[in-house]
Amino acid sequence: MNRERLIDRLDASSEPWDIVVVGGGATGLGAAVDAAARGYRTLLLEQSDFAKATSSRSTKLVHGGVRYLEQLNFSLVSEALRERGLLYENAPHLVSNLGFVVPRFKWWEGPFYGVGLKLYDALAGSENLTPSRGLDREATIAAIPNVEQDGLQGGVMYHDAQFDDARMAMTLALTAADLWPGKGWNFVFGQASLRDRVGVWSLYRNGDPDKDKASYQLCLKRTIKTAVHETGHMFSILHCTAWECCMNGSNTREESDRHPLWFCPECNAKVCWATRVDPVPRYRKTVEVCKKLGFEEERAFYEKSLARLAE
Ligand SMILES: Cc1cc2nc3c(=O)[nH]c(=O)nc-3n(C[C@H](O)[C@H](O)[C@H](O)COP(=O)(O)OP(=O)(O)OC[C@H]3O[C@@H](n4cnc5c(N)ncnc54)[C@H](O)[C@@H]3O)c2cc1C
Ligand SMILES: [Zn+2]
Ligand SMILES: [Zn+2]
């Protein structure tokens, strides 16, 4: 992964990206691997270095979530233990088995931690790392020489997995860059030089609005369509299957470009009812907006609708 070469390739690429991930921490890198593995043309931009921020400052535990056991969240603990097991099996170069000792000072702490951690072992099933066990006072002091010895009765030892965060981040970055759909399709950046960072502060998601008038209108129309569609969902309107309508679901950009900007009578009636809006004055205003923006097709539609409503 040569940064300069990647940037040159980025400059030379004119195809739009399916997915742009901003930030190369654990979350962004994982998302990029997932997206690239599904065949999306994926770009990941990191302004500084991979796993530079929070992802290099954690406790680095691939924990099975022992603390969630205390909250009796068994399904979360099971899921986390399963992930821990998979990572331990698939990437032993990134993960290691780490023992923890919980010292005991009160009589009830032995059975309390003992039973809890046996349950933890049991939830891990065949993917358990090393069974937890009770330690006597001497063994506890041998394991933690600087433990408070006053009143110390013993300890409980359990095991979890720890990972190498930098190595994990780089493995994810390289995996995302290597994945299908084709040579040179997925780009991963990071390791910004101080002089030449790739931080992201804005994105053209719907096309380049500065190119020409048609591109500007297309960009604006796409943006409005998304806003209208998602607002419809906020009013509990599901994807419309009966009419040509802005609430139609779509799988691709091409498909959503074919959908109209307006609502069908059914969805429109629902939204007018939910928002207590009278369609006539609203359509009049919309006609004015369409005139201003040069949306001819939409203006004609709303004028026709007004004529119908006046009948
Ligand atoms: C003290 C502590 C202990 C933890 N212990 C554990 C643990 O033991 N096990 C565990 O699984 N999790 C643990 N976590 C949680 C885990 O560390 C975080 O959930 C994870 O690292 C978050 O990753 P991230 O990618 O979301 O964020 P980050 O790692 O912060 O990544 C965000 C990245 O985005 C980049 N960025 C931001 N803005 C831009 C921009 N405009 N353009 C380009 N790039 C940008 C930044 O440079 C950064 O690299 C712990 C967290 C903390 C704080
Ligand atoms: Zn939708
Ligand atoms: Zn509809």
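## Packing of helices 2 and 7

Helix 2 (residues 26-37) packs against helix 7 (residues 165-178) at an angle of about 30 degrees, the two axes lying 8 Å apart, where axes are lines fitted to C-alpha atoms over the stretch in contact and angles run from 0 to 180 degrees between N-to-C directions. Helix 2 is therefore roughly parallel to helix 7, a label given to angles under 35 degrees. Their crossing is left-handed, in that the near helix is turned anticlockwise from the far one by less than a right angle.

On the side of helix 2, Ala26, Leu29, Gly30, Ala32, Val33 and Ala36 meet Ala169, Leu172, Ala173, Thr175 and Ala176 of helix 7, with contact taken as C-beta atoms, placed from the backbone, within 7 Å. These residues divide into nine nonpolar, two polar and no charged; Ala, Val, Leu, Ile, Met, Phe, Trp, Tyr, Cys and Pro count as nonpolar, Asp, Glu, Lys and Arg as charged, and the others, Gly among them, as polar.

## Basis of the model

This is a predicted model, in which local features need pLDDT of at least 70 and side-chain atom pairs count only at pLDDT 80 or more, whereas totals for chains, interfaces and linings use all residues. Residues are numbered from 1 along each chain as its sequence is written, while chains are lettered from A and ligands numbered from 1 in the order in which they are written.

## The chain as a whole

The protein chain holds twelve helices and seven strands, which are DSSP runs (H or I, at least four residues, for helices; E, at least two, for strands) numbered from the N terminus. Its C-alpha trace spans about 90 × 50 × 35 Å along the principal axes.

Conventions:
Angles under 35 degrees count as roughly parallel, over 145 as roughly antiparallel, 65 to 115 as roughly perpendicular and the rest as oblique. Two residues are in contact if their C-beta atoms, placed from the backbone, lie within 7 Å.
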